[in-house]
Amino acid sequence: MNRYGNEAIRVERVSKRFRVLPIRKQATLKDAIVNFQLPWFPGSRRFIQAVEDVSFSVPRGTTLGILGRNGSGKTTLMRLLAGIYKPTSGSVHVSGMMAPLLSLGVGFHPEMSGRENLRISGLVLGLTPRQIANKMDAIIDFSELREFIDVPVRTYSSGMYMRLAFSVAISVDPDVLLLDEVLAVGDESFSHKCLDRMREFKDRKKTIVLVTHDATLIESWCDTALWMDRGKAKLHGPAERVVDAYHRDLHSPSMEGVLLKESRL
Amino acid sequence: MFRALYRYRWLLYELVLRDVIIRYRGSVLGVLWTLLTPLLFVAIYIVVFAFFLHLNIPHYSVFLIGGLLPWQWFATALQTATNSIVEGRVYVTNSILAPVVLVVVPILSSFVQFLLSFAIALVVAQFFHVHLGWSMVALPLLFAVQMMLTMALALFLATLNVFYRDATQLIAVLLALLFYLIPIVYPLTMVPDRFKPFVMADPMATLVLSYQQIFYSDAFPNWPFFLYALGVSLGLLYLGRLTFNRYKELFADYI
């Protein structure tokens, strides 16, 4: 046991700010020279507070679900957990090997065959060539794409593409798994298989953090849930309670106006 | 940084291979393009400099190839590596891949291209009765120094390009200008003496001269010049690595 005891993840008062540039123009060298403005000069730009003062911990072997409306800071939080973003303040500790699955098909190239893409994608995810060679058959079987595995993935349908990407993603065997909206892909039978694989992860006492809009998934899968709202942790606790409160809030009159506006965009 | 490269060596290998394969997959002439492109340049330089401007150099085509091929490796590598972090945003924002891998891939894949064209050029050179001899053993040293120099500059430029996207345009212009300041299409002897130190201050110029010595005159490089290029490259590599490491944690925020 490390000094965090039985915790796989501990997030302490984490905030993340981004500098925003005027949409009209990307920062250019010309601007920098003309205006003597460097992007890392503090105070030279406006900021967006994507995540603000969020604290929580995830006990080893449990599953945390994160929910919230679009733009509430879920993905930023996941990237902070993965160590892709450095927190503006606060700290993130993850113990054990972590695999972030924040997007499917990282490292895929349309001109390469399914098999070639599996190999590169596996290496990006941190597998060794030997592990990939050993798992290759299982991955291909899982994807149910054996007859297409040696043709370029640009010929795949988007469903096939997702299946291939998910199959390699799920073949990694980390202690801590981060899933950002990548849980159930493909048709019904395939997404059942994905969920079965997740159950297996859970049974083997792996820690999982998942972001999803599917509240029923959170209720049936997660031990605890975290509700993000405008960058802040609005509620953190047992999954059912959080989902309940989230639903009530979602259907409250004040919220429906917002949703209507969003759907018009 | 070098530890990260070692850890991702297999990915590096696969990505470089993919870069090279994709360039040829589905093309009719395939690998021949690696030779065809420089040869077309050689042809036009011969027309312009040998016929129009009456530059009188024996075996001018061989002289050209000796400097042109290494230069093309340098230029292609820098051009693509400058944009590598921005272009690899999928990796930077969604995986924990060390970003230095993205910078090294284009350098290595253009090195492979260079080796292919260099090998073909060596064969072609036999038809021009060029004597290739023992000085060839010095080539790996030149490759190593050029690799370090390219890597050093690429680390700076790739970092710069994350914050200022016009670094890509800037490097394109600089490379086009630099090409004429380096004795590639003309010999160093034609440069007036008082300008020579300025030309030779550029480590890429000393490297190009060393290549020409080997390829054209079968002579070993001028060692003091070579050591100068090595020293400058090592110094720049140190600074490039410092810059890259200092700013790499901001990459995901800005791309």
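This is a predicted model: local features need pLDDT of at least 70, side-chain atom pairs count only at pLDDT 80 or more; totals for chains, interfaces and linings use all residues.
Two strands pair if DSSP finds at least two bridges between them.

Take the strands β3 and β7 of chain A. Strand β3 covers residues 63–67 and strand β7 covers residues 207–211; the two run parallel and are joined by 4 bridges. One of the residues involved is A:G65, whose bridge partner in β7(A) is A:L210.

This pair belongs to a wider arrangement. Chain A has an open sheet of 6 strands in the order β5-β6-β7-β3-β8-β9, and the pairing is mixed. At the edges are β5 and β9 (232–238) of chain A, each of which pairs on one side only. On average, neighbouring strands of this sheet are turned by 15° against each other, direction ignored.

Helices pack against these strands. In chain A, α2 lies across β3, β5, β6 (176–180), β7 and β8 (224–229), and α2(A) runs at about 155° to β6(A). Helix α8 of chain A, residues 239–250, also packs on the sheet, where α8 touches β3, β8 and β9 of chain A. The direction of α8 makes about 135° with that of β9(A).

The next topic is the interface with chain B. Here 36 residues of chain A are in contact with 26 residues of chain B. Between them the two chains bury about 2900 Å², and 64% of this area is on carbon and sulfur atoms.

On the side of chain A that touches chain B, at least two residues each come from β1 (7–20), α1 (29–35), α2 (74–82), β5 (98–101) and α3 (114–124) of chain A. The largest share, 6 residues, is supplied by α3(A). Sorted by class, this side of chain A has 20 nonpolar, 8 polar and 8 charged residues.

What of the salt bridges? One salt bridge joins B:E14 and A:R119, with the closest N and O atoms 2.9 Å apart. This pair crosses between chains, from helix α2 of chain B (residues 9–24), which holds B:E14, to helix α3 of chain A, which holds A:R119. In another salt bridge, the side chains of A:K86 and B:E249 meet at 3.1 Å, N to O.

Technical notes:
Residues are numbered from 1 along each chain as its sequence is written. Chains are lettered from A and ligands numbered from 1 in the order in which they are written. Side-chain values use heavy atoms; hydrogens and water are left out. Contact means heavy atoms within 4.5 Å. Buried area is the accessible area (1.4 Å probe) that two parts lose on being put together, summed over both. A salt bridge is a side-chain nitrogen of Lys or Arg within 4 Å of a carboxyl oxygen of Asp or Glu. Ala, Val, Leu, Ile, Met, Phe, Trp, Tyr, Cys and Pro count as nonpolar, Asp, Glu, Lys and Arg as charged, and the others, Gly among them, as polar. Axes are lines fitted to C-alpha atoms, for helices over the stretch in contact, and angles run from 0 to 180 degrees between N-to-C directions.
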